[in-house]
Amino acid sequence: MDERNGTGGASILIRGARILGGEPADILVRDGLVAEVGHDLEGRPAERPGPELVEIVEAAGLIALPGLVDLHTHLREPGREDAETVETGTRAAALGGYTAVHAMANTDPVADTAGVVEQVWRLGQESGRCDVRPVGAVTVGLQGERLAELGAMADSAARVRVFSDDGKCVSDAVLMRRALEYVKAFDGVVAQHAQEPRLTAGAQMNEGAVSGRLGLTGWPAVAEEAIISRDCLLAAHVGSRLHICHVSTAGSVEIIRWAKSKGWDVTAEVTPHHLLLTDDLVEDSPVGSYNPIYKVNPPLRTRADVMALREALADGTIDCVATDHAPHPVEDKETEWAAAAMGMIGLETALAVVQEAMVETGLLDWAGVAERMSRTPARIGRLAGHGRPIEAGEPANITLYDPSVRAAVDPAGYASKSRNTPYEGLTLPGRVVATFLRGRPTVLDGKLT
Ligand SMILES: [Zn+2]
C-alpha cells in the first residue's frame, strides 16, 4: 500500500501555496510524487522534458500540509455498515484532509485475525480515497482473556503495526505485559484505551461538580490515570513501545510527562473534542441539557483539563491529534442519555477544531500542526509514505487548507454516514480545499472528486 507509485496521468501544478504556512511556492506533482518545489515553475517548461498535460490548481492564500494521518478512526465495517463503511469513512477522511487512517479493531467480527484485517485493508484499497491501515485487536474478540494472533496480523498483507482493544481497556496487567513483549518482534505498538473497568462501572460522564448536579454516575479521572501509570511502568519494564489513546485529563498529562522524562518509549494522542469541549455542555449547551451528542468515551472533562491538554500538545508531552471518529446511527444517539451510545464523528472537522483550539490561541503554528496531525502519527504507526515533507522526490500526499474562512458547522453535507457531530451550531474556522493522495486529487474545491 505504502510504496505504490502514482497513478500517472496529468501532472498537477499547485500554484502559490504556503507550505507549512511559509512563503508562497509552487508545487509540481508528477507520477504521484512531488517533482519540484519552487517559484514560477510554469515559466520554465524546458526543465520538464516531453509533452505533458499540466493541470493548474490555484492555491494563493492556502496552506499546504502533508496529508493528514489519523491513528484512531472507527470505520465500523464489517458489522455496523449502518453507522459507517470503509467507503463512506474514507470519503469523510479525504474531505477532512486525511490521506491515511488507522481503522480500529472493534468491528463485528472483531479485527483479531489476519483474515479480518486483510478484509478491511482490501476495502480501503478499493475505496482509493485514503489509505486504510487496520489496527489489530490485542485480545481475541476484545474479551481481554487471551492474546489475538498479533504476529499473523503483523505478517499479513495489512502489515498491522498498531494493536488496540479500543473501546475496551486491556485491564489485565499480565495480558498487557505479554502484548507489550510480543509486539517488539515486529516493531509494533500497543495503543491502550485507558479505562479501569471497575472504577467506571455504569459511568456516564466526567465525575465532578456537573455530574453531581445532574445525578449522573461519575467517570473519575483516576480511572484513566491509574491505567496510564501502570502501563508506562509495564512498557518501561519490558522495554516496549506504548501508545496512549485519547488522553483526557490533566493528571494523565503529568504522568506522561514523567514517563517521557525517564526516556521511556511512550507516546500519546488527544482528540479534537477534548481540546475544545467541556463537561458543562452536558448541563447547558446550544442543544439543551442532557443531550447525548456530548456523550463520549473518555468523557468530556473540565476547562482545566482542556487547558492542560492544549499545553501538553503544544509542548510535545502529547505527541499527536487523533480523531476517535466514532459514527453512530441516529437511533443509537438520539435517545435518553443513559441509553445512548458513546462517541462523536470527527474526521471532517478535526483540522478546523485544531485551528480553533491550537492555532488561533497561538499555541501552535502550521508546522506544528503538520507535525502533530501527519508526521508523528505516521511515525507512531510505522506508516511509510505518509507524514513526509513536501519536497521533491516525496510522495505527493498533500492537503490544501484555507484558514481564513469561518462558518457555521453544517453536517448536512458530510460524507460520513452518521451525523453525531458535537459541533453543530458552532462556528469554526477553516476549510479543506483539496486533498491529494499520491498525486491524485481526492478532493478539489472542497468537494470529493
Ligand atoms: Zn477508545
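Is His193 buried or exposed? Select it and look. This model is predicted. His193 has 2% relative accessibility, so the residue counts as buried.

**Stop 1: the zinc ion**

Now select the zinc ion. Three residues coordinate the zinc ion: Asp166 through OD, His193 through ND1 and His246 through NE2. The distances run from 1.9 to 2.2 Å. Along the chain, the donors follow the spacing D-x26-H-x52-H. His193 sits in the loop between strand E10 (189-192) and strand E11 (205-206). His246 sits in the loop between strand E13 (242-244) and helix H7 (250-261). They are 53 residues apart, so this pair links distant parts of the chain. Check His246 too: its relative accessible area is 2%, and it is buried.

**Stop 2: an aromatic cluster**

Move on to the rings. The model has 4 aromatic pairs. Select Tyr182 and Phe186. Their ring centres lie 6.2 Å apart and their planes meet at 55°, so the pair is tilted. Tyr182 is partly exposed, at 41% relative accessibility. Phe186 is buried, with a relative accessible area of 13%. Ring pairs link Phe163, Tyr182 and Phe186 into a cluster.

**Stop 3: Trp366 and Tyr401**

Trp366 lies in helix H12 (residues 366-380), and Tyr401 lies in strand E16 (residues 398-408). The two residues are 35 apart, and the pair links distant parts of the chain. Both Trp366 and Tyr401 are buried.

Notes. Residues are numbered from 1 along each chain as its sequence is written. This is a predicted model: local features need pLDDT of at least 70, side-chain atom pairs count only at pLDDT 80 or more; totals for chains, interfaces and linings use all residues. Side-chain values use heavy atoms; hydrogens and water are left out. Donors are N, O and S atoms within 2.8 Å of the metal (3.2 Å for Na, K and Ca); water is not among the atoms, so sites may look incomplete. Helices (H or I, at least four residues) and strands (E, at least two) are DSSP runs, numbered from the N terminus. Buried means under 20% relative accessible area, exposed over 50%, partly exposed in between (1.4 Å probe, protein chains only). Rings of Phe, Tyr and Trp (its six-membered ring) pair if their centres lie within 6.5 Å; planes under 30 degrees apart count as stacked, over 60 as edge-to-face and the rest as tilted.
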